Amino acid sequence: MRNKKKRFGISLRVELIEKYNEKRDTLSQEWTNFLQKHAIIPILIPNTLDDVKSYISDLGIDGLILSGGDNIGEFPERDKTEKQILDYAIDKRFPVLGVCRGMQIINEYFGGKMLTNDNDNHVGKPHQIHIMDQKFSKLLGHNNIQVNSFHNNIIAKKSIGEKLQIFALSSHDNTIEGYYHSDLPIIGVMWHPERDMISKHQTKLMEIFENKSLW
């Protein structure tokens with residue numbers, strides 16, 4: 001455990017509460033537990049801020065996480081907020097971790113495209129991924145690992161964004177499970193590290209992300 005805790009800003013999903021006819025920004029408790037385990041204080045970034053960049057600047061944070069949940073285009077306020085988060089992070093060279101939807105929106109930000117899967121092979125079905133990037137596999141300590149899976153949107157090799165380097169592919173359909181930016185401290189993964197606190201691979205992933213080891 002580190003002596004000094006870091007502060008990470010994290011984006012929120014939007015929940016439509018029909019009972020009260022209202023929208024709420026939410027975050028799974030798994031994220032709080034996961035980040036506390038890694039001596040990180042989560043700082044929540046609401047989706048209805050007038051000035052996202054000023055808000056982030058005033059927080060004194062060390063990094064940013066784009067969390068999962070929601071489909072891109074489902075809630076425009078979240079899409080807009082996360083785009084502004086990326087604008088700020090790129091300008092300041094802050095480390096960014098995109099998880100599931102977060103990975104997808106980063107890919108679109110850099111000109112990539114997302115596809116809808118035509119089967120349920122990635123929905124609630126843990127599977128093997130191959131770490132194809134030698135630099136990343138050395139840092140992670142393995143060439144093949146098992147990850148969880150809760151998504152029906154996929155990214156194919158031909159649909160990857162500009163300067164995003166693939167480091168992991170699904171072993172059963174070759175879709176992209178992980179990438180990093182060649183110049184900026186940005187990592188995207190399709191699995192949910194916060195839902196697998198036991199695995200040592202998630203700790204390694206956070207170390208790579210926090211320490212900007214790839215750049």
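Modeller: Start with one meeting of helices: Val52, Lys53, Ile56 and Ser57 in H2 meet Thr81, Gln84, Ile85, Asp87 and Tyr88 in H3. Contact means heavy atoms within 4.5 Å, and helices are DSSP runs (H or I, at least four residues) numbered from the N terminus. This is a predicted model, where local features need pLDDT of at least 70, side-chain atom pairs count only at pLDDT 80 or more, and totals for chains, interfaces and linings use all residues. Residues are numbered from 1 along each chain as its sequence is written, and side-chain values use heavy atoms, without hydrogens and water.

Biologist: At what angle do H2 and H3 pack?

Modeller: Axes are lines fitted to C-alpha atoms, for helices over the stretch in contact, and angles run from 0 to 180 degrees between N-to-C directions. Here H2 (residues 52-59) and H3 pack at about 55°, their axes 9 Å apart. H2 and H3 are therefore oblique to each other; angles under 35 degrees count as roughly parallel, over 145 as roughly antiparallel, 65 to 115 as roughly perpendicular and the rest as oblique.

Biologist: How do H3 and H4 cross?

Modeller: The axes of H3 (residues 76-92) and H4 come within 11 Å and cross at roughly 70°. That makes H3 roughly perpendicular to H4. On the H3 side, the contact includes Arg78, Leu86 and Ile90, and on the H4 side Arg101 and Tyr109 are among the residues.

Biologist: Which way does H3 pass H4?

Modeller: A crossing is left-handed if the near helix is turned anticlockwise from the far one by less than a right angle, and right-handed if clockwise. H3 passes H4 in a right-handed crossing, and the crossing of H2 and H3 is right-handed.

Note on methods: Helix = DSSP H or I, 4+ residues; strand = E, 2+ residues; numbered from the N terminus.
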